[in-house]
Amino acid sequence: MAMVEVRNLKKHFPVKRTFIDAMLGKPQLYVKAVDGVSFDIEEGEVLGLVGESGSGKTTTGRLILRLIEATEGSVKIAGKDVYAMSKEEIRRFRKEIQIIFQDPLAALNPYMKVGDAIMHPLKIHNIGSSDKERKRMVYRMLERVNLTPPDEFYMRYPKELSGGQRQRVVIARALITRPKFVVADEAVAMLDVSIRSQLLKLMLDLKNEFNITMLFITHDLATTKYICDRIAVMYLGKIVEVGTFHHIYENPKHPYTQALISAVPEPDPKKKKKKIIPQGEVPNPINPPSGCRFHPRCYKVMDICSKKEPHFVEVEDEHKVSCFLYEK
Amino acid sequence: MVQDKFMSYKLASTLKELFGSSTGIITFIGLIILLFYVFLAAFAPYLAPYDPTKSVGLSLSPPDHKHPFGTDNLGRDVLSRVIYGARIALVIAFLSVAVAAAIGVPLGLISGYIGGILDRILTLIMDAIYSFPGLILAIAIAALLGPGIFNIAISIAVVYAPTYFRVIRSQVTSIKNELYVEGARAIGAKRSTILLKYVLPNVLPSVVVVLSMNLADAIMTEAGLSFLGLGIAPPTPDWGFDLSNGRRFILSRAWWALLYPGLAIITVVLGFSMFSEGLNEFLNPTVREKR
């Protein structure tokens with residue numbers, strides 16, 4: 001059984017109508033941010049969720065942790081149905097499921113000391129018998145994420161730290177309760193490239209040490225190289241291709257994935273790559289294109305693409321793509 | 001802006017224009033004035049030359065070496081009454097502000113964070129109170145409750161509670177969308193914990209500013225109530241009461257019975273306004289360096 005099972009997850013945000021529009025009987029519109037997403041993450045695995053801005057990847061991450069309520073679908077983590085729980089049950093269950101946010105400064109309370117921020121999850125979930133013991137645990141965690149000396153960092157406020165240090169604090173806070181599943185939402189996107197690789201390495205080490213299952217959300221395919229076992233590519237609220245890291249990188253099937261891969265910078269200047277640039281802009285998710293959502297921008301568009309929705313086809317073992325090019 | 005309702009705020013911004021941008025000096029002067037009155041109030045029994053409630057001289061004798069501020073119509077020493085009056089003024093000001101904050105802050109927190117129907121109802125009630133002219137409302141409540149320090153404090157508190165409510169509520173509605181509040185939810189914090197540990201510390205600076213501005217206005221409102229005879233029962237020394245009492249003898253050229261309580265009210269309100277203006281500068285999120 002997979003650690004995380006996501007089935008047909010949907011989130012439709014209602015678009016605000018004016019009172020007059022409602023009186024005139026204009027229909028309520030919805031932004032289909034996430035529109036039927038399904039995937040599994042095995043225990044100890046890191047699944048990369050890749051897509052451009054507005055593809056619904058962050059919303060998917062929040063839905064899985066039930067930080068926002070889903071319109072439809074189900075999520076099972078460690079065999080427990082997240083959406084069948086009561087508010088109190090999910091609150092207790094948050095010990096096992098955590099999130100690392102993109103912007104560490106915004107994610108930390110400016111009036112709370114770093115140490116107290118990391119200790120708070122322990123207090124909430126009654127881990128450790130005394131404040132003294134909890135403090136020891138926080139010290140150990142601070143040391144583990146390389147914020148040394150820990151007693152000095154314990155007393156600091158978030159604004160007194162650098163961006164990389166803050167993100168280490170956020171990671172420490174997320175992992176102190178030893179969660180089974182962590183969503184890393186663009187966890188390194190705000191950092192300098194040099195610090196980014198350090199933090200990716202730290203996250204990978206901690207993941208192996210604590211045996212964490214992870215959903216790694218990013219818009220940057222290059223960062224998935226370091227940490228992800230499998231990758232799911234998302235476009236306009238739907239997953240278009242899932243495969244192992246090698247499948248996606250070396251043998252991308254979906255035209256959108258091909259475009260994404262071709263946009264990753266190639267370190268070797270002698271290797272000339274042909275760049276595939278999708279035509280036009282990302283369509284409006286209020287009124288997505290018919291059939292395959294990518295068809296208006298696709299360079300291999302066929303007649304059928306605008307008429308029917310494609311299904312997932314397993315092109316090779318563990319590599320699935322949702323495109324008519326591969327449907328028989 | 002909510003702040004526009006405060007007399008003290010208008011006063012302070014006029015002062016600021018006069019002095020230019022030197023808020024440091026204004027704050028300092030304000031603080032000195034405040035400390036002076038707190039000192040007066042605290043050590044009134046040692047500082048006042050006479051018992052403020054007893055007749056110690058001739059009726060309405062002009063200022064001389066025995067009575068530096070003169071005596072009132074009952075022969076009581078005006079200086080002693082002004083010194084003792086600081087006690088009532090400050091006690092009522094602090095008490096009413098504390099009560100107003102104790103009502104307004106929790107309601108604002110809950111209303112802003114939970115929202116929905118509860119928020120609508122509370123906002124409606126608070127706006128209704130807010131739209132009343134302050135002194136009129138205070139008069140109505142004071143008349144209902146009767147005289148007494150605590151009753152006066154409550155009637156002033158009711159007038160100013162909506163200000164706290166509005167400031168807090170508007171801040172909370174924006175703070176609850178901050179990422180650190182979602183972060184607190186993500187680690188499994190209860191609603192009450194989120195409100196107390198994550199939301200409240202972030203709205204506290206604005207509470208302090210409103211509090212300091214409010215003190216000046218509370219003193220003025222209290223003086224107004226006493227002036228109208230709705231304040232503390234005589235013979236307790238009270239600036240507002242002495243002002244209205246002195247007014248009756250202005251035609252007998254007894255200017256001293258009117259002038260000194262009036263000056264006391266003016267200076268203490270000025271002191272609070274100057275101090276709060278400076279505090280505002282230090283603590284206001286828009287002025288303050290972004291954290």
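Is A:R196 buried or exposed? In this predicted model, A:R196 is buried, with a relative accessible area of 18%.

## A:R196 and A:D220

A:R196 belongs to helix α9 of chain A, which covers residues 193-210. Apart from neighbours within four places in sequence, its contacts are A:V188, A:A189, A:L191, A:D220 and A:T223. With A:D220 there is a side-chain polar contact of 3.5 Å.

The two residues also form a salt bridge, with the closest N and O atoms 3.5 Å apart. A:D220 sits in the loop between β8 (213-218) and α10 (221-227) of chain A, while A:R196 is in helix α9, so the pair ties together parts that are 24 residues apart in sequence. A:D220 has a relative accessible area of 23% and is therefore classed as partly exposed, the cut-off for buried being under 20%.

## Other salt bridges

Over all chains, the search finds 22 salt bridges. One of them crosses between chains, from A:R62 in helix α2 (residues 57-64) of chain A to B:E182 in helix α8 (residues 179-186) of chain B.

Within chain B, B:R166 forms a salt bridge with B:D127, and their closest N and O atoms are 3.0 Å apart. B:R166 lies in helix α7 (residues 149-175) and B:D127 in helix α5 (residues 116-131), so this pair links parts that are 39 residues apart in sequence. B:R166 is partly exposed at 29% relative accessibility, and B:D127 is partly exposed at 32%. In chain A, salt bridges with shared partners connect A:E88, A:R91 and A:R92 in one network.

## The interface of chains A and B

Chain A contributes 22 residues to the contact and chain B contributes 18 residues. The buried area is about 2,100 Å², with 58% of it from carbon and sulfur atoms. On the chain A side, A:L67, A:Y111 and A:H120 lose the most area, together 27% of what that side buries.

One salt bridge is found across this interface. It joins A:R62 and B:E182, whose closest N and O atoms are 3.0 Å apart; both residues are buried. In chain A, β6 (97-100), α4 (104-107) and α5 (114-124) each supply at least two residues of the side touching chain B. That side has twelve nonpolar, four polar and six charged residues.

## Confidence

The predictor gives the complex an ipTM of 0.84 and a pTM of 0.80. Chain B has an average pLDDT of 83, and 90% of its residues score at least 70. Over residues 285-291 of chain B, pLDDT stays under 50. For that stretch the model has ten contacts beyond four places in sequence.

Methods. Residues are numbered from 1 along each chain as its sequence is written. Chains are lettered from A and ligands numbered from 1 in the order in which they are written. This is a predicted model: local features need pLDDT of at least 70, side-chain atom pairs count only at pLDDT 80 or more; totals for chains, interfaces and linings use all residues. Side-chain values use heavy atoms; hydrogens and water are left out. Contact means heavy atoms within 4.5 Å. Buried area is the accessible area (1.4 Å probe) that two parts lose on being put together, summed over both. A salt bridge is a side-chain nitrogen of Lys or Arg within 4 Å of a carboxyl oxygen of Asp or Glu. Helices (H or I, at least four residues) and strands (E, at least two) are DSSP runs, numbered from the N terminus. Ala, Val, Leu, Ile, Met, Phe, Trp, Tyr, Cys and Pro count as nonpolar, Asp, Glu, Lys and Arg as charged, and the others, Gly among them, as polar. pLDDT is the predictor's confidence in each residue, from 0 to 100. A polar contact is a pair of N or O atoms within 3.5 Å; within protein, one must be able to donate a hydrogen and the other to accept it, and residues adjacent in sequence count only if both atoms are side-chain atoms. Buried means under 20% relative accessible area, exposed over 50%, partly exposed in between (1.4 Å probe, protein chains only).
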